[in-house]
Structure formats: structure tokens, C-alpha cells
Amino acid sequence: MAKRSSKGIAAADDSTVHPLFPGMTAPAAFGWDPLGGSEDRRDQSYLRKVKPQNPNQKLLMDAIKTHNLVVALGPAGTGKTYIAISSAVEALESGSVDRIVLSRPAIEAGESIGYLPGDMHEKMAPFLRPLYDALTDRLGSKRLRTMMADGTIEIAPVGFMRGRTLNNAFVVIDEAQNCTYAQIKMLLTRLGWHSTMVLTGDPDQTDLLDNLSGLADIARRLEAVEGIAVARLTEKDIVRHPLVASMLTVL
């Protein structure tokens, strides 16, 4: 049997192959950037230590390191939750605490989604998604699953916190603007020995009825208590898309 001509095949292939990006050589094609190779793109690489992006974020991070109870107030996108979660992970990894306890009220954002199927953890999963995202970013999904399975990281609804004493723990209460005064008072009194608690929330974005949120009142009262830090972030501290800060000035 006669051998197939390799020259003919190469010639045929060359005639039907066209570059994906005309005018670009092969080495340059590997460096193609969908955003045009802009030099001012934000670096998305993983950082072991979270660094503050503005003075108020630095004040918040320093307050968490030096106080056992911190209330972080500010508009959406100022990094309140992410800084709290990152501080909790750092405290756990350094051995300062034995576990992390995260809590968030199960309040829908303006619409009723009805009953959810599954057990308690499955029902709470949609409400706790932002916490899972921040933890996954800092720990990785596999390590997070392991820590949640052995109880090192616990995510609990606000309604299940009464009667507990949280010792040797880093406690984060997220979206505290959706808690009533009585609920926040109950949560604050869970603080035990060798523990740190951080409350985060935006009093201007509560999903409760008017005058039901207790976060602003609690923060005002706690500012006078020695040993408690109240950090207030503003629209200038927003680290999301610049349009978020612009919108919040008119909405």
C-alpha cells in the first residue's frame, strides 16, 4: 500500500486554518486580553493577608485586633463582612480562637420566597451565601467543608443563638440591620471568655418595617462603653464598582 503524502496533508491544513485574531502572531495570541491589555486592571490574585484599601478600613481592622466587641457600620460595598470574615480566619489560624461562629438573620430582601425544602442548613443556605463566598475565598472550598463538618466553623441562624455562651470563639453577626433591638441585645450577651464579636450592617438598608431595626440605636449606645469600638465607614470607602458609590449619593 502506498504511503499517504504528508506534504499534501500539510498543504491542505495550511490552506484551511485561519488565525482566530487576524494580524496577531502565535506568541502574541497567548497574551491576548479581552479587555485590551489595560494596565490598570485590578489584580484578582489571592492574598494571604487582607490589606486595608482606605483609612477607615484600617481603623476597622485595627479595632478588631484590639477590642473584643466591634460594631461596623457602613453602606454596601465597604468591605465590612469581608474584613470581619478575614479577621476571623486569621484569628483561627493563629490559634487565638478555637472556632468561628457566623450568624445572619433569615430575612428576604423585599420579597417573599416561600417555604424552602430541606433541613435547617439547606433552608438557611441562600441567606448565608455571602458568608460562604467570603469563607471560600479565604480558605478554599475543600478546607471550608472539612472545618464545617468538624464544627470548627459554625453558621447559625439568629433564632438559634439564645441561651448560648460563646467561649474561645470569633463571632460575626452579619446584616445586623435586619435584627430588632431585642435580637441584637440577645446576640451581644452571648459573648464569652477569650472571644471576639463583630457586628456588621448598614442601617440605611434594613429590610424590616420602619423603626424596627435596632442597629443604629445599639451602636449609638455602645459608643459610650469603654472597650467597645464602633467603626463607621462612608461612601468614600466603597471598594466595589465606582458606580456603587455614585449611586448611593443620590438614592
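## How two helices cross

Is the crossing of H7 and H8 right-handed or left-handed? In this predicted model, the crossing of H7 and H8 is right-handed. Helix H7 covers residues 181–188 and helix H8 covers residues 215–222; they pack at an angle of about 50°, with their axes 9 Å apart. That angle makes H7 oblique to H8.

So who is doing the touching? On the H7 side, look for Tyr181, Ile184 and Leu188. On the H8 side, look for Leu215, Asp217, Ile218, Arg221 and Leu222. Sort the contact of H7 with H8 by class and you get six nonpolar residues, two charged ones and no polar ones.

## What covers H7

Ile184, Met186, Leu187 and Leu188 are buried in H7. H8 is part of what covers these buried residues, and the cover also includes strands S1 (69–73), S4 (169–173) and S5 (196–201).

## The nonpolar cores

Now for the inside of the protein. The largest nonpolar core has 32 residues, and the members that touch the most others are Leu60, Leu102, Leu135 and Phe170. Helix H4 (residues 80–94) gives the most to this core: seven residues. There is also a second, separate core of 25 residues, with Val71, Val158, Ile218 and Val230 among its members.

## A closer look at Leu128

Leu128 sits in helix H5 (residues 120–139). Its relative accessibility is 2%, so Leu128 counts as buried. If you skip the neighbours within four places in sequence, Leu128 is in contact with Arg104 and Ile155.

## Two positive phi angles

Most residues other than glycine have a negative phi. Glu175, in the loop between S4 and H7, has a phi near 55°. Asn211, in the loop between S5 and H8, has a phi near 70°.

Are these two buried or exposed? Glu175 is partly exposed, with a relative accessible area of 24%. Asn211 has a relative accessible area of 81%, so Asn211 counts as exposed.

Methods: Residues are numbered from 1 along each chain as its sequence is written. This is a predicted model: local features need pLDDT of at least 70, side-chain atom pairs count only at pLDDT 80 or more; totals for chains, interfaces and linings use all residues. Side-chain values use heavy atoms; hydrogens and water are left out. A nonpolar core is a set of buried Ala, Val, Leu, Ile, Met, Phe, Trp, Tyr and Cys residues joined through side-chain atoms within 4.5 Å. Buried means under 20% relative accessible area, exposed over 50%, partly exposed in between (1.4 Å probe, protein chains only). Helices (H or I, at least four residues) and strands (E, at least two) are DSSP runs, numbered from the N terminus. Contact means heavy atoms within 4.5 Å. Axes are lines fitted to C-alpha atoms, for helices over the stretch in contact, and angles run from 0 to 180 degrees between N-to-C directions. Angles under 35 degrees count as roughly parallel, over 145 as roughly antiparallel, 65 to 115 as roughly perpendicular and the rest as oblique. A crossing is left-handed if the near helix is turned anticlockwise from the far one by less than a right angle, and right-handed if clockwise. Ala, Val, Leu, Ile, Met, Phe, Trp, Tyr, Cys and Pro count as nonpolar, Asp, Glu, Lys and Arg as charged, and the others, Gly among them, as polar.
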